[in-house]
Amino acid sequence: MRCEPINRFLGGLPFTVVAAIALTLSVIPFLAGSYSFSGFGNVACILATGALLYFLNKTFSFIRAVTTINVSVLLMLEAANPHLSAGDPRGSLMCIVMLASAFILFGSYNRRDAQRSIFITFVILMLGALLHYACLYLIPVFMLGFMQMRVMNFKGFLAMGVGLITPLWIILGLEIVSPGEITLPEMQNVWSLLSSGESWLLLTVVIASAVLLVALMIVNLMQIYSYKTQIRAYNGFFSVLSIATMIMMAADYGNILSYLPVLNCCIAVQVAHTFTISDNPRRFIGIVLLLAACVASYGIFYYY
């Protein structure tokens with residue numbers, strides 16, 4: 001059996017196109033039910049997330065090869081759970097905020113004039129937090145990220161502080177909102193919207209995703225450690241992001257669907273590492289098994 005053509009197909013654009021079509025088709029049965037037509041808007045956000053993830057790697061080469069397997073896996077994981085693909089788009093928007101900020105973060109590596117990059121990044125993160133409180137956890141993640149980029153000094157902390165204050169100063173100064181209208185965010189509780197069967201299935205998916213992510217991080221650790229310092233810093237950011245996301249999913253479990261797209265993005269990066277690092281001609285089997293698990297997950301959600 002010739003395996004390399006299969007590997008090339010899975011790692012290339014044709015499979016990504018198939019995954020994008022499957023994602024789009026997967027939301028259609030749910031739009032007539034409890035979900036609104038905002039599901040297609042969410043699909044657009046997921047596709048934009050995939051494009052950002054591809055260009056982030058193409059620009060900074062933190063994965064061994066320029067590949068689209070990371071995008072394909074992300075689309076597969078999102079399509080596997082209709083609560084993500086056809087539901088509230090805020091988790092997908094948070095993923096876009098994270099990846100857009102990552103472009104600025106990675107571009108600041110070891111630069112002496114990184115204060116402007118730090119300022120812009122934290123303005124973006126605070127704007128995201130004003131739209132959805134879950135973005136707040138990205139603030140310490142990116143602070144650590146700038147430390148990994150070797151640019152976070154005293155001026156960097158000042159730029160971070162000003163960046164976080166600026167959006168609040170603008171909306172208050174322009175009287176878009178008044179101080180009395182600023183309240184603590186309303187916590188979500190997705191579990192109250194799900195049936196018992198859906199709740200158990202979602203919990204199973206989340207636990208399986210977290211276990212897969214940790215396992216892949218361990219498998220890829222030694223190879224990534226052998227990369228040059230700059231590439232290790234980029235991947236170190238994804239490691240911190242992965243750990244922080246899993247912690248937040250446990251702490252803010254009622255809002256777990258908002259964090260799951262970011263977790264899926266981290267899984268996609270680690271799968272791409274494993275796929276491109278391995279020289280096993282049968283490495284496509286792992287992708288096929290993951291695809292089968294995604295199809296099974298979608299099917300079970302569908303019948304619930």
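Residues are classed here as buried when their relative accessible area is under 20%, as exposed when it is over 50%, and as partly exposed in between, with a 1.4 Å probe and protein chains only. By this criterion Cys135 is buried, with a relative accessible area of 2%, and Cys294 likewise counts as buried at 8% relative accessibility. A search of the whole structure finds 0 disulfides, a disulfide being a pair of cysteine sulfur atoms within 2.5 Å.

The structure is a predicted model, in which local features need pLDDT of at least 70 and side-chain atom pairs count only at pLDDT 80 or more, whereas totals for chains, interfaces and linings use all residues. Residues are numbered from 1 along each chain as its sequence is written, and side-chain values use heavy atoms, with hydrogens and water left out. The protein averages a pLDDT of 89, and 90% of the residues score at least 70, where pLDDT is the predictor's confidence in each residue, from 0 to 100. Confidence is lowest in helix H5 (residues 82-85), with a mean of 85, and highest in helix H8 (residues 138-148), where it reaches 97.

The protein contains 13 helices and 0 strands, these elements being DSSP runs numbered from the N terminus (helices, H or I, at least four residues; strands, E, at least two). Of its 304 residues, 51% count as buried. The accessible surface comes to about 14,500 Å², of which 70% belongs to carbon and sulfur atoms; accessible areas come from the Shrake-Rupley method with a 1.4 Å probe, and for residues only the protein chains shown count as cover.

On this surface, Leu13, Val17, Ile21, Leu25, Ile28 and Phe40 make a nonpolar patch of about 540 Å². Patches are made of residues with over 30% relative accessible area and no salt bridge, like charges being joined within 9 Å and nonpolar side chains (Val, Leu, Ile, Met, Phe, Trp, Tyr) within 5 Å. Helix H2 (residues 13-31) contributes the largest share of the patch, with 5 residues. Ile21 has its place in helix H2 and, at 48% relative accessibility, counts as partly exposed.

When residues up to four places away in sequence are not counted, Gln270 touches Leu213, Leu216, Met217 and Asn220.

The structure holds 2 salt bridges, each requiring a side-chain nitrogen of Lys or Arg within 4 Å of a carboxyl oxygen of Asp or Glu. In one of them, Glu4 pairs with Arg283, the closest N and O atoms being 3.4 Å apart. Because Glu4 lies in helix H1 (residues 4-11) and Arg283 in the loop between H12 and helix H13 (284-303), this pair ties together parts that are 279 residues apart in sequence. Glu4 counts as partly exposed at 32% relative accessibility. A salt bridge also joins the side chains of Asp113 and Arg111, with an N to O distance of 3.1 Å; Asp113 is partly exposed at 46% relative accessibility, and Arg111 is partly exposed with a relative accessible area of 34%.

Terms used: Contact means heavy atoms within 4.5 Å.
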